[in-house]
Amino acid sequence: MTGSTAATFTADDYRARMDRAARAAAEAGLAGLLVAPGPDLVWLTGYTPPAVTERLTLLVLAAGQDPVLVVPALEAPDAHRAAGAAALSLRDLTDGKDPYAATAALLDSSGRFGISDNAWALHLLALQQALPGSSYASLTEALPMLRAVKDAAELDLMAAAGAAADATFEEIRNVPFAGRRESEVAADLDRLLRGHGHEQVDFTIVASGPNGANPHHEAGERVIARGDMIVLDFGGLRAGYGSDTSRTVHVGEPTDEERRVHDIVREAQEAGFRAVRPGAACQDVDRAARRVIADAGYGEYFIHRTGHGIGVTTHEPPYMIEGEERPLVPGMCFSVEPGIYLPGRFGVRIEDIVTVTEDGGRRLNTTTRELVIVE
């Protein structure tokens, strides 16, 4: 995707986001924000450069100043077509002109700025050389909640992405599993996600049998057999917003132990979901899910956090993890995905995306959380 995102949001929407980001930067004691190509730039302006190159592209935001997008002259026509272009000024730079001197003229020479996590070191070091009195902090460090609270339109897009992932699961549960490679089922997941409107597929985990004990197993050439427990975890971006869901299926009838472990994870996932409410700490969600698994005797086999934020990227703040005391706020979206991983044997994970409501939480994935039998 190049140029601009789909016309879901207006220039006024992007203007409001940039204003909010500039105010948040000022409240955090920053002189402004410097936003390089990536998800933050898309979210703030609707602009995705046609290519990420060594030429500098940078959005400059500061409270009380009009937003300025520094962009190479040869890419300026694409920038002008972005949905948020009317809400900012473009500073186009021809080759041969020093882009760092031009950008430095827009900045407080002794200011501390938030800068995109994915900004190139080449550009940051050149700005530091142009402004030796300046300093910088990553956006995740300085403003971790910048994109965390979604508005109504964003929540609609998140719900649509979740529904598309659900539709994918309803179809994948009916394909043959036994006798096929994990990679073949992963290709089915990719095809189905795209068929249900995803423009980008970020992951299609198919972890069968002992591979299920690795939470981030890459689908490989293992042939799935009857008696396998299989963790399916898949998602990506649909209309610019993320999906991410996990379900665990079984080829043929499971053993009593496999059913018991799956039931424990299902109960833990329900407990994590029920802990979601405004004002609760992120760690409360983790604690609620983890308690169920620990009480059942499997605490050492739950080896990751309970959840991560999701929006224009599939992993972003906030994180549902012990020590994160940040309160939940209506509009936040994140995963609730406890698991049990028994090395050399099998794994189970159940994951929904949840959004915080005024009085609790709402699941954006609604497929069954019972153990599904596949063939």
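Ala239 is partly exposed, because its relative accessibility is 35%; here buried denotes under 20% relative accessible area, exposed over 50%, and partly exposed the range in between, with a 1.4 Å probe and protein chains only. The structure is a predicted model, in which local features need pLDDT of at least 70, side-chain atom pairs count only at pLDDT 80 or more, and totals for chains, interfaces and linings use all residues. Residues are numbered from 1 along each chain as its sequence is written, and side-chain values use heavy atoms, with hydrogens and water left out.

Ala239 occupies the loop between strand 10 (229-238) and strand 11 (241-242). Helices (H or I, at least four residues) and strands (E, at least two) are DSSP runs, numbered from the N terminus. Although Ala239 is not a glycine, its phi is positive, at about 50°. A further backbone feature is the cis peptide bond between Pro317 and Pro318, with omega of about 5°. Pro318 belongs to strand 14, which covers residues 316-320.

The chain as a whole contains ten helices and 20 strands. The radius of gyration is 23 Å, close to the 21 Å given by the globule rule for 375 residues, so the chain is as compact as a globular protein of that length. The radius is taken over C-alpha atoms, and the rule is 2.2 Å times the number of residues to the power 0.38. The C-alpha trace spans about 70 × 40 × 35 Å along its principal axes. Of the 375 residues in the chain, 55% are buried. Among contacts with a separation of 6 or more, 67% are between residues 24 or more positions apart, where contact means heavy atoms within 4.5 Å.

The accessible surface of the chain is about 15100 Å², and carbon and sulfur atoms contribute 49% of that area. The chain carries 35 positive and 54 negative charges, whose mean positions are 2 Å apart. Lys and Arg count as positive and Asp and Glu as negative, while His and the chain ends are not counted; each charge is placed at NZ of Lys, CZ of Arg, CG of Asp or CD of Glu.

Helix 9 comprises 19 residues (256-274) and extends 27 Å from its first C-alpha to its last, close to the expected 27 Å at 1.5 Å a residue. The expected span is 1.5 Å times one less than the number of residues. The buried residues of helix 9 include Val261, Ile264, Val265, Ala268 and Phe273. Glu258, His262 and Gln269 are also buried.

Cys333 lies in strand 15 (residues 333-336) and is buried, with a relative accessible area of 0%. Neighbours within four places in sequence aside, Cys333 contacts Ala148, Lys150, Leu155, Met158, His308, Gly309, Ile310, Val354 and Thr355. Cys333 and Gly29 are 304 residues apart along the chain, and their C-alpha atoms are separated by 27 Å.

Several loop positions were also examined. Gly344 sits between strand 16 (339-342) and strand 17 (346-349) and counts as exposed at 65% relative accessibility. With residues up to four places away in sequence not counted, Gly344 touches Pro210 and Ala213. The C-alpha atoms of Gly344 and Asn214 are 9.4 Å apart across a sequence distance of 130 residues. Thr8, in the loop between strand 1 (3-4) and helix 1 (11-27), is partly exposed at 38% relative accessibility. Thr8 and Ala153 are 145 residues apart in sequence, with 8.3 Å between their C-alpha atoms. Thr357 is placed in the loop between strand 18 (352-356) and strand 19 (361-363). Beyond its neighbours within four places in sequence, Thr357 is in contact with Pro278, Pro330 and Arg362. The C-alpha atoms of Thr357 and Ser116, 241 residues apart along the chain, are separated by 29 Å.

Methods: Areas by Shrake-Rupley, 256 points an atom, 1.4 Å probe, with all protein chains shown as cover.
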